[in-house]
Amino acid sequence: MKIQANVSGSRSIDITDLHLETIDKYSLLDNLVDSNGIIDEDVLDKLKFNVRSILESESNTDKNLLDLCLDVIYNNNMKAFGLNRLMSLYTEWKAKQEVQNEDAVSTSTI
């Protein structure tokens, strides 16, 4: 999957399911945006600080988290616009995962 990283659409960032799973595992996007709902560079900085804190506190560094940092969060193209797109993609992905899990549960109980 690709997310558009800037308004003009000239830059994009590749996002994999593994990236989204890592975001989910660490709840990286939960409570990230303030009550005003605005995603700006300060929100992106907050995400970077949160990830850095997780990396510093873990004794065994998660390779998937490092890959997420290198490929997405600290990508040179990542700006507030890209973070907004990432959050939208994650929300869609999470909803699909929940539907698939519900379908799997209902199929296994039959």
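Me: Which residues does Asn 77 touch, not counting residues up to four places away in sequence?
Reply: With those set aside, Asn 77 touches Ala 5, Arg 11, Ser 12 and Ile 13. Keep in mind that this is a predicted model.

Me: Okay, and where does Asn 77 lie?
Reply: Asn 77 lies in the loop between helix H3 (63–73) and helix H4 (80–108).

Me: What joins the side chains of Asn 77 and Arg 11?
Reply: They are joined by a polar contact of 3.2 Å. Arg 11 is also one of the residues on the contact list of Asn 77.

Me: What about Asn 76, is it buried or exposed?
Reply: Asn 76 counts as exposed, because its relative accessibility is 69% and the cut-off for exposed is over 50%. Asn 76, too, is found in the loop between H3 and H4.

Me: How are the C-alpha atoms of Asn 76 and Asp 24 separated, in Å?
Reply: The separation is 23 Å, for two residues that are 52 residues apart along the chain.

Me: Let me step back. What does the secondary structure come to?
Reply: The protein has four helices and two strands. Starting at the N terminus, the order is β-β-α-α-α-α.

Me: What does the C-alpha trace span?
Reply: Along its principal axes, the trace spans about 50 × 40 × 30 Å. The protein exposes about 7000 Å², with carbon and sulfur atoms supplying 48% of that area.

Me: How many of the 110 residues count as buried, as a percentage?
Reply: The buried share is 32% of the 110 residues.

Me: And the charges, how many are positive and how many negative?
Reply: There are 11 positive and 19 negative charges, and their mean positions are 6 Å apart.

Me: On to the inside. Which residues in the largest nonpolar core touch the most other members?
Reply: That core has 27 residues, and those touching the most other members are Ile 15, Leu 20, Ile 23, Leu 28, Met 78, Leu 83 and Leu 86. Helix H1 (17–26), helix H2 (41–57), H3 and H4 are the elements that give two or more residues to this core. H4 provides the largest share, six residues.

Me: Switching to Asp 62: why does Asp 62 count as buried?
Reply: Asp 62 counts as buried because its relative accessibility is 13%, and buried means under 20%. The place of Asp 62 is in the loop between H2 and H3.

Me: Which side chain does Asp 62 make a polar contact of 2.8 Å with?
Reply: That polar contact joins Asp 62 to the side chain of Tyr 26. With neighbours within four places in sequence left aside, Asp 62 is in contact with Lys 25 and Tyr 26.

Me: One on backbone angles. What is phi of Ser 27 near?
Reply: Phi of Ser 27 is near 50°, a positive value in a residue other than glycine. Ser 27 lies in the loop between H1 and H2 and is partly exposed, with a relative accessible area of 36%. Asn 31 is found in the loop between H1 and H2 and has a positive phi of about 55° although it is not a glycine. Asn 31 counts as exposed, at 72% relative accessibility.

Me: Last one. What is Ile 39 in contact with, leaving aside its neighbours within four places in sequence?
Reply: Ile 39 is in contact with Val 33, Ala 80, Leu 83, Asn 84 and Met 87. The place of Ile 39 is in the loop between H1 and H2. Ile 39 and Asn 84 are 45 residues apart along the chain, with their C-alpha atoms separated by 6.4 Å.

Terms used: Residues numbered from 1 in each chain as written. Predicted model: local features only at pLDDT ≥ 70, side-chain atom pairs only at ≥ 80, totals over all residues. Heavy atoms only, no water. Buried < 20%, exposed > 50% of the residue type's maximum accessible area, 1.4 Å probe, protein only. Areas by Shrake-Rupley, 256 points an atom, 1.4 Å probe, with all protein chains shown as cover. Lys, Arg positive; Asp, Glu negative; His and termini not counted. Charge placed at Lys NZ, Arg CZ, Asp CG, Glu CD. Polar contact = N/O pair within 3.5 Å; in protein donor to acceptor, adjacent residues only side chain to side chain. Contact = heavy atoms within 4.5 Å. Core = buried A, V, L, I, M, F, W, Y, C linked by side-chain atoms within 4.5 Å.
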